[in-house]
Amino acid sequence: MDWSFLFFANSVMLGVGLAMDAFSVSMANGLNEPQMKKGKMTGIAGMFAFFQALMPMTGWVCVHTIARYFAAFERMIPWIALILLAYIGGRMLIEGVRSQGELKPEDSSLGFGALVVQGIATSIDALSVGFTIADYNWVMALAASLIIAAVTFVICVVGLEIGEKFGTRLSNKAQILGGVILIAIGLEIFSTGVM
């Protein structure tokens with residue numbers, strides 16, 4: 001493939017498709033922390049964008065180096081995503097139920113470790129994109145990954161804004177809803193990845 005409109009359009013469409021899980025998790029994060037500051041929103045969206053760029057490049061490297069080992073790992077991707085998102089969603093759900101009527105804004109703050117786990121869980125399926133972009137040279141693969149990251153960043157900021165708006169209205173039930181959403185996303189990734 002060459003540097004054409006089709007290359008950029010494909011990269012943007014890949015970005016949109018891959019960012020849907022991150023968008024949903026961003027909405028859940030916004031629901032969970034309705035008083036989130038803009039700087040934190042930027043950091044969260046940046047984390048998702050980072051992993052959405054890292055995973056396709058990692059997949060591309062695997063295709064060009066250790067493809068046969070990657071094929072075995074690819075079957076585990078739905079299981080990993082399910083476990084990570086069910087764990088985080090389950091914790092949010094339990095904390096939301098425990099704190100009914102007494103949730104304070106600082107109680108619902110998303111920690112760095114949980115954010116990294118979310119970033120990995122929502123982008124791990126992007127490893128497979130390494131196969132999709134395998135015929136690109138290194139520079140084009142990097143450009144495609146950066147376009148995917150930029151699209152993810154914008155989509156996640158929108159998700160956080162939507163979640164924050166509804167989180168303010170839903171008060172302390174938002175954490176429960178956010179946990180349920182994360183578990184549902186994990187189940188969706190698992191069911192589509194296994195079938």
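Ile 181 touches Ser 24, Ala 28 and Leu 31, leaving aside neighbours within four places in sequence. Contact here means heavy atoms within 4.5 Å. Ile 181 sits in helix H8, which covers residues 174-194. Helices are DSSP runs of H or I with at least four residues, strands are runs of E with at least two, and numbering starts at the N terminus. Leu 93 is 88 residues away from Ile 181 in sequence, yet the two C-alpha atoms are 9.7 Å apart in space.

This is a predicted model, in which local features need pLDDT of at least 70, side-chain atom pairs count only at pLDDT 80 or more, and totals for chains, interfaces and linings use all residues. Residues are numbered from 1 along each chain as its sequence is written, and side-chain values use heavy atoms, with hydrogens and water left out.

Now the overall layout. The protein chain has 8 helices and 0 strands. Along the sequence the pattern reads α-α-α-α-α-α-α-α. Take the contacts in the chain with a separation of 6 or more: residues 24 or more positions apart account for 93% of them. The chain has 195 residues, and 45% of them count as buried. Buried means under 20% relative accessible area, exposed means over 50%, and partly exposed lies in between, with a 1.4 Å probe and protein chains only. The accessible surface of the chain is about 9,500 Å². Carbon and sulfur atoms hold 72% of that surface. Such areas come from the Shrake-Rupley method with a 1.4 Å probe, and for residues only the protein chains shown count as cover.

Start with helix H1, residues 5-32. H1 has 28 residues and reaches 39 Å from its first C-alpha to its last, close to the 40 Å expected at 1.5 Å a residue. The expected span is 1.5 Å times one less than the number of residues. H1 also carries a kink of about 45°, centred on Met 20. The bend at a residue is the angle between two fitted axes, one for the seven residues ending there and one for the seven starting there.

Leu 84 is partly exposed, at 22% relative accessibility. Beyond neighbours within four places in sequence, Leu 84 is in contact with Val 117, Ile 120 and Ala 121. Leu 84 and Val 117 are 33 residues apart in sequence, with their C-alpha atoms 6.7 Å apart.

Next comes helix H2. Met 47 lies in this helix. Is Met 47 buried or exposed? Met 47 is buried, at 14% relative accessibility. Setting aside neighbours within four places, Met 47 is in contact with Phe 112, Leu 115 and Val 116. Phe 112 is 65 residues from Met 47 in sequence and 9.6 Å from it in space, C-alpha to C-alpha.

Helix H7 holds Ser 145. This serine is buried, with a relative accessible area of 1%.

The charged pairs follow. The structure holds 2 salt bridges. A salt bridge is a side-chain nitrogen of Lys or Arg within 4 Å of a carboxyl oxygen of Asp or Glu. One joins Lys 40 to Glu 33, with the closest N and O atoms 3.0 Å apart. Lys 40 is partly exposed at 25% relative accessible area, whereas Glu 33 is buried at 11%. In another, the side chains of Glu 161 and Lys 38 meet at 2.9 Å, N to O. Glu 161 lies in H7 (residues 138-170) and Lys 38 in H2 (residues 38-65), so the pair ties together parts that are 123 residues apart in sequence. Glu 161 is partly exposed, at 31% relative accessibility.

Last, the cysteines. How many disulfides does a search of the whole structure find? The search finds 0. A disulfide is a pair of cysteine sulfur atoms within 2.5 Å. Cys 62 is buried at 12% relative accessibility. Cys 156 is buried too, with a relative accessible area of 0%.
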